[in-house]
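Dear colleague,

I am handing over a structure that may be new to you, and my notes on it follow.

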Amino acid sequence: MSVNDESFSQLKSEIDAWVRGPGEEYANTIERTGSIPGALFGELKSRGYLSLAAPEHLGGRGIPFTQYLELMEIISRSHASIRMLVHVINGTWRAMEPFANDEQRENIIKPSVAGDTLVAFTLTEATAGTGADIRTTVRREGDTYYLNGEKHLITFGVKCDYWLLAARIEGSTGKDGFVALLVPNSGLPGAEVIDDSETMGVRGTDHAILRFTDTPVPVSALLGAEGDGLAVMLGGFLLPSRVSVAMSAVGLAERAQELAVEYANRRETFGKHLAERQAIQFYLAENYADIAAARALVIEAARAYENDAPNAGLLSSASKMVAVDMLARVTDKALQVHGGSGYWKRNAIERVYRDARAQRFEEGTNEIQKLIVARAVLDGTATY
Ligand SMILES: Cc1cc2nc3c(=O)[nH]c(=O)nc-3n(C[C@H](O)[C@H](O)[C@H](O)COP(=O)(O)OP(=O)(O)OC[C@H]3O[C@@H](n4cnc5c(N)ncnc54)[C@H](O)[C@@H]3O)c2cc1C
């Protein structure tokens, strides 16, 4: 299924106009106040931007993945917190849906797609690797799990309604005994929520440190079965999510390039516009080629996912690797075009440069993507 060409191009124009108009005003407010205005959340919801990707039976608009990514590309030219809201809410259902029972689907997934319930992806720990290494545990007594451990860097972890939280059964190791729980953020006993939102970029989005001491969680909060946790947190979810982050890098790089072009056309030194200097033209040309190359790989990865191709996982990691490195180069050159002024907060490139850095961590660092790609290269499954 695809959205017909005319209505899709209308939707793209509508989102583009919103990003350039109200989106920029929200961006300025977020930077000034350090928080996301309630009205922004309401506006994204009422415009349907939080339910673009989910299928219709979950209340979403059912936009196919490749087309959805073209929309993410536009939204990512906006403030990173706006991009984060759209990316997270359009993606979290993918982790939950394959494992959810009817009650979880009705009470949590559908309200999340509708923008009424916020679910925070809660995996990372300060004292363990991100994956089967985690140390947060649950101990089962009757119909209750008692949760112990600590999470950090959790986006929306302060304000969310539920933490989609990874833990392991006490005493288990590796993948076995890994569980994913939908834990309500409702003042549970022994649950401490610490606001840890003072980040370099992605201002406005809240981030949490979470500490649990014998926190009782009903066993009905379990998604799937005991042992399914790794598949919930990393399985079907991360693959498309990495491609979405890769496309976010493309969108933000396009914004950086746009700002660099505007500035090069405006600023004069020694009687000529910067745009007339070959050194500056070379930066802009390199940026164009860099963005176009990464974009082509991201689209290929998106199609591979949509078609369930055997190399979809490989392309997902490869595209994220390439796109975030590209973003680092492009934002660096775009800032260079601005000269010293680009280092000042009054210029939009300063925020773009800071926001860009976060994307090298989201959905796994490049070091981890390289491990995945290298494995496929060495076992011969990485064909061209
Ligand atoms: C803005 C932002 C939002 C985030 N939101 C969330 C969220 O909502 N939920 C959530 O759970 N997490 C979130 N994270 C955390 C993010 O997923 C992690 O930062 C990322 O996965 C890296 O893990 P780490 O920070 O523990 O780094 P570490 O694992 O401590 O790694 C440190 C460095 O060592 C490298 N490294 C680690 N292990 C290996 C290895 N085996 N081989 C080679 N190199 C290795 C890493 O690549 C990195 O360069 C967020 C991070 C950021 C920056």
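How far apart do the C-alpha centres of domain 2 and domain 3 lie? They lie 31 Å apart. Please bear in mind that this is a predicted model, in which local features need pLDDT of at least 70 and side-chain atom pairs count only at pLDDT 80 or more, while totals for chains, interfaces and linings use all residues. Residues are numbered from 1 along each chain as its sequence is written.

The protein chain is divided into domain 1 (5-113), domain 2 (119-227) and domain 3 (231-378), with bounds that come from an automatic or database domain assignment. Nine residues of domain 2 are in contact with seven of domain 3, contact being C-beta atoms, placed from the backbone, within 7 Å. On the domain 2 side, six of the residues are nonpolar, three are polar and none is charged (Ala, Val, Leu, Ile, Met, Phe, Trp, Tyr, Cys and Pro count as nonpolar, Asp, Glu, Lys and Arg as charged, and the others, Gly among them, as polar).

Turning to the ligand, the shell around it holds 18 residues, of which L123, T124, T155, T365 and E367 come nearest; a residue is near if its C-beta atom, placed from the backbone, lies within 6 Å. By class, the shell has nine nonpolar, seven polar and two charged residues, and it draws at least three residues from each of domain 2 and domain 3.

With kind regards

Note on methods
Two residues are in contact if their C-beta atoms, placed from the backbone, lie within 7 Å.
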